[in-house]
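Work through the exercises below with the sequence and the model at hand. Each task is followed by a stepwise solution.

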Amino acid sequence: MGRFDGRVAVITGAARGIGFGTAQRFASEGASVAILDLDESAASEAAERLELADGAKAIGVGCDVSNSTAAGEAVERVVSELGGIHILVNNAGITRDNLLFKMTEDDWDLVMNVHLKGAFNMTKAAQKHFVEQKYGKILNLSSVNALGARGQANYSAAKMGIQGFTRTLGIELGPYGINANAVAPGFIATEMTDATAARLKIDVDDFRKMNADANPVRRVGYPEDIAAAAAFLCSDEASYITGQTLYVDGGAKLG
Ligand code: NAP
């Protein structure tokens, strides 16, 4: 018996990184999983790599979450191919870092469109199924950098926006049996943080070590750390928790 037997989970930006780790965790606990990502072939290859429970299925769907039509079509395709939707993880994300005086309007718009509008588009498409069936779990990806980070005016604003969005979903959707929460990861070893190392011209291993040394628990995080929190928050054990943001960061911002 897995916690997600008979459930269908949709995870955006899940061809790699935190999204893929979360998809694998849901699959290992019995869920059928739809991996959404920009590139359908990358999404399908990731879906094929998942280790599924007996009777569970996985599909890959190409979808740019910042496009409302694409988001709506992706949700309908999942419902028709996997037989429903019970869990939505809004994970797709990008960075376009720069100091404010160098940040372009495009850098701002792109980050807002993927993180904030993407979460809005996907949630709007999923909630009508959730409300009809009086059941749904929404998990949004925020970040410790919601609290402020040099060179990330766009990303910090989007990630704090996600927290306000999550609280509002908690208020509006709670009466329909729907829980909405967020996780705010600290430094997680993925291609996103590897790209930051490259931009700062620091070797990836040195960058990880630097971040581990500065963290109270003296290590970096891994996708599995976020996946474990995601699985709890999307499980029925967490049905009295909604509108919350859980920092999963090894205590990085404690002081
Ligand atoms: P990642 O390795 O860069 O993976 C992000 C995935 O999202 C990629 O597969 C990317 O596809 C996809 N994506 C980008 N734009 C998309 C769009 N418009 N529609 C659909 N998919 C899209 O990132 P990650 O580190 O796993 O991060 C996952 C989430 O956690 C993000 O929201 C991120 O902001 C958040 N987070 C990460 C960290 C960290 O330290 N890694 C910390 C805090 C929060 P392409 O490869 O085709 O671009």
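**Exercise 1.** State how much area domain 1 and domain 2 bury between them.

Solution. The domain assignment, automatic or from a database, gives domain 1 as 8–186 + 223–245 and domain 2 as 187–220. Buried area is the accessible area (1.4 Å probe) that two parts lose on being put together, summed over both. For domain 1 and domain 2 the value is about 820 Å², with 57% of it on carbon and sulfur atoms. Contact means heavy atoms within 4.5 Å; 13 residues of domain 1 touch eight residues of domain 2 in this sense. The C-alpha centres of the two domains are 23 Å apart.

This is a predicted model, in which local features need pLDDT of at least 70 and side-chain atom pairs pLDDT 80 or more, while totals for chains, interfaces and linings use all residues. Residues are numbered from 1 along each chain as its sequence is written, and side-chain values use heavy atoms, without hydrogens and water.

**Exercise 2.** Count the salt bridges between domain 1 and domain 2, and explain what the pair Arg16 and Glu191 ties together.

Solution. A salt bridge is a side-chain nitrogen of Lys or Arg within 4 Å of a carboxyl oxygen of Asp or Glu. Between domain 1 and domain 2 there are three. Arg16 and Glu191 form a salt bridge at 3.4 Å, N to O. Arg16 sits in the loop between strand 1 (8–12) and helix 1 (17–28) and Glu191 in helix 6, so the pair links parts 175 residues apart in sequence. Arg199 forms a salt bridge with Asp97, with the closest N and O atoms 2.7 Å apart.

**Exercise 3.** Identify the residues through which helix 6 meets helix 7.

Solution. Thr193, Asp194, Thr196 and Ala197 of helix 6 meet Val204, Phe207 and Arg208 of helix 7.

Technical notes: Helix = DSSP H or I, 4+ residues; strand = E, 2+ residues; numbered from the N terminus.
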